[in-house]
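Trainee: I am new to this structure and would like to go through it with you. Could we begin once it is on the screen?

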Amino acid sequence: MSTDVSRARTTLEAVTIGGPHQTVSDAELDAFVAEQFARVDFDGKKVVLVVPDGTRSCPLRLMVSTAHKYLIDRVASLTCVIALGTHSYMEPDEIDAWFGIGEGETLESVYPGMTIVNHEFLDPEMIVDIGTLTAAQIKELSNGSMEEDVVVEMNRHVVEADINLVIGPVFPHEVVGISGGNKYFIPGCSTHDAIDLSHWVGALIGVEDMIGSPGVTPVRKIINAGVDLIPNDKYALCIVVQSGTGELESATFGDTESSWADAADIAAESHVVYVDEPFTKVLAMMPTRYDDIWTAAKGCYKMQPAMADGGEVIIYAPHVTEVSEQHPEIYDIGYHSIPYFTKQWDKFKDVPKGVLAHSTHVRGAGDYDPETGVETNRIKVTLCTQIPEEVCRSVNLGYLPLDAVDVEAWKADPNVFVQENAGEVLYRLRKK
């Protein structure tokens, strides 16, 4: 379904508490939110909170309950949309756990008057066409890497709100450079066309160049332009958290672009680790919040810039049983470098570009010779999961049985880097 909308860009100067490797207490957050929300006219408004799904480190109950406390008596309605992008819908028990609903509690008892919903991207009734970014715009925004019209579709709750308020963490990211801010709308609350194009532009730039890249990257320019089509006010409470713990290092409030920019500077310092020598072998231990390779592959993305040529990243996820439930095309095309697809474009042009982008992000840099059919890759990528060996080989990834890994022994091996809670902290080589 579609609607006519006008361009709308909210501006509100960002304010920040905390900083890299600092700690923001619950009381400090509470006072900060109270003060900052007083800057916005929420009164009598239809407000939508846009929050991450369970694949992010985030003290979600703290964040949402604090926002709820200072909004529920002011707003006409309060709805919380889980920004899934194209991740699987969260089940009711997963939502309860993610929003911190304890034994004997209910969503209504913890967040009275607030509705929580998935971004239902599979339901046409919940999707609104908000406009088109023209081929000329895309060419300019992507620095010439793409030139095609893109219809921007958005979650109906988001479009019909008076005010959208993003609440979520900011981390180095393989597609956009540094995540957060408007990325919670695209891809978070949008559909395939905008998602596929933005991811493919990031893939064409290259994961090692894009990931953790500061400032407004070409992909973020596209995202910002698409989000400008949402016809209402948009604010963000951006946080930087200590990965894996949920401890707040900083909180920033303002419009979605200025608050993201300030938080991104903090994340770029807090969540990027520089090493003097490249790694030859890495065991990336994936937390259970990543439930398939589509999401657990972040353990590989975050290590690639620090890998030696010919080095190996082992994605260690004993809980993972499948490559992807939501994107079955990946089983057909497998994992390859960008040239493998671009040099055989007629063969792959009809595959969703978001799937192609994911494939290249995992496989990393490489080349392909169409005359010989030989592909070369800069690094090796191996799965150590419950996925059978024949499936791993069929998608062009290595296989290692779970019983071949003695984590403690590998930690003691000077030739192996074991990264616990992998997937959020980025590793890079220090420039000499």
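Mentor: A definition comes first: two strands pair if DSSP finds at least two bridges between them. Please also keep in mind that this is a predicted model.

Trainee: Which order do the strands of the open sheet have?

Mentor: The order is E18-E17-E14-E13-E19, five strands with parallel pairing. Strand E18 (398-399) and strand E19 (417-419) are the edge strands, and each pairs on one side only.

Trainee: How many bridges join E13 to E14?

Mentor: Six bridges join these parallel strands. Leucine 283 has isoleucine 314 of E14 opposite to it.

Trainee: And what is the bridge partner of leucine 283 in E19?

Mentor: That partner is valine 418. E13 and E19 run parallel and are joined by three bridges.

Trainee: Is E13 mostly covered or mostly open?

Mentor: E13 is mostly covered, with five of its seven residues buried.

Trainee: What about E14 and E17, over how many bridges do they pair?

Mentor: Strand E14 (residues 307-316) pairs with strand E17 (residues 380-384) over five bridges, in the parallel sense. There, valine 313 stands opposite valine 381 of E17.

Trainee: Let us turn to helices. Why is H9 described as largely enclosed?

Mentor: Helix H9 (residues 218-227) is largely enclosed by the rest of the structure because nine of its 10 residues are buried. Among the buried residues are Pro218, Arg220, Asn224 and Val227. Buried here means under 20% relative accessible area.

Trainee: Now the surface: which residues gather in the patch of negative charge?

Mentor: Glu91, Asp93, Glu94, Asp291 and Glu325 form that patch. Aspartate 291 lies in the loop between strand E13 (279-285) and helix H11 (293-296).

Trainee: Why does aspartate 291 count as partly exposed?

Mentor: Its relative accessibility is 47%, and partly exposed covers values between the buried limit of 20% and the exposed limit of 50%.

Trainee: What is phi of asparagine 396 near?

Mentor: Phi of asparagine 396 is near 70°, again a positive value. Asparagine 396 lies in the loop between helix H17 (389-394) and E18, and is partly exposed at 28% relative accessible area.

Technical notes. Residues are numbered from 1 along each chain as its sequence is written. This is a predicted model: local features need pLDDT of at least 70, side-chain atom pairs count only at pLDDT 80 or more; totals for chains, interfaces and linings use all residues. Side-chain values use heavy atoms; hydrogens and water are left out. Helices (H or I, at least four residues) and strands (E, at least two) are DSSP runs, numbered from the N terminus. Patches are made of residues with over 30% relative accessible area and no salt bridge: like charges are joined within 9 Å, nonpolar side chains (Val, Leu, Ile, Met, Phe, Trp, Tyr) within 5 Å. Accessible areas come from the Shrake-Rupley method with a 1.4 Å probe; for residues, only the protein chains shown count as cover. A salt bridge is a side-chain nitrogen of Lys or Arg within 4 Å of a carboxyl oxygen of Asp or Glu. Lys and Arg count as positive and Asp and Glu as negative; His and the chain ends are not counted. The place of a charge is taken as NZ of Lys, CZ of Arg, CG of Asp or CD of Glu. Buried means under 20% relative accessible area, exposed over 50%, partly exposed in between (1.4 Å probe, protein chains only).
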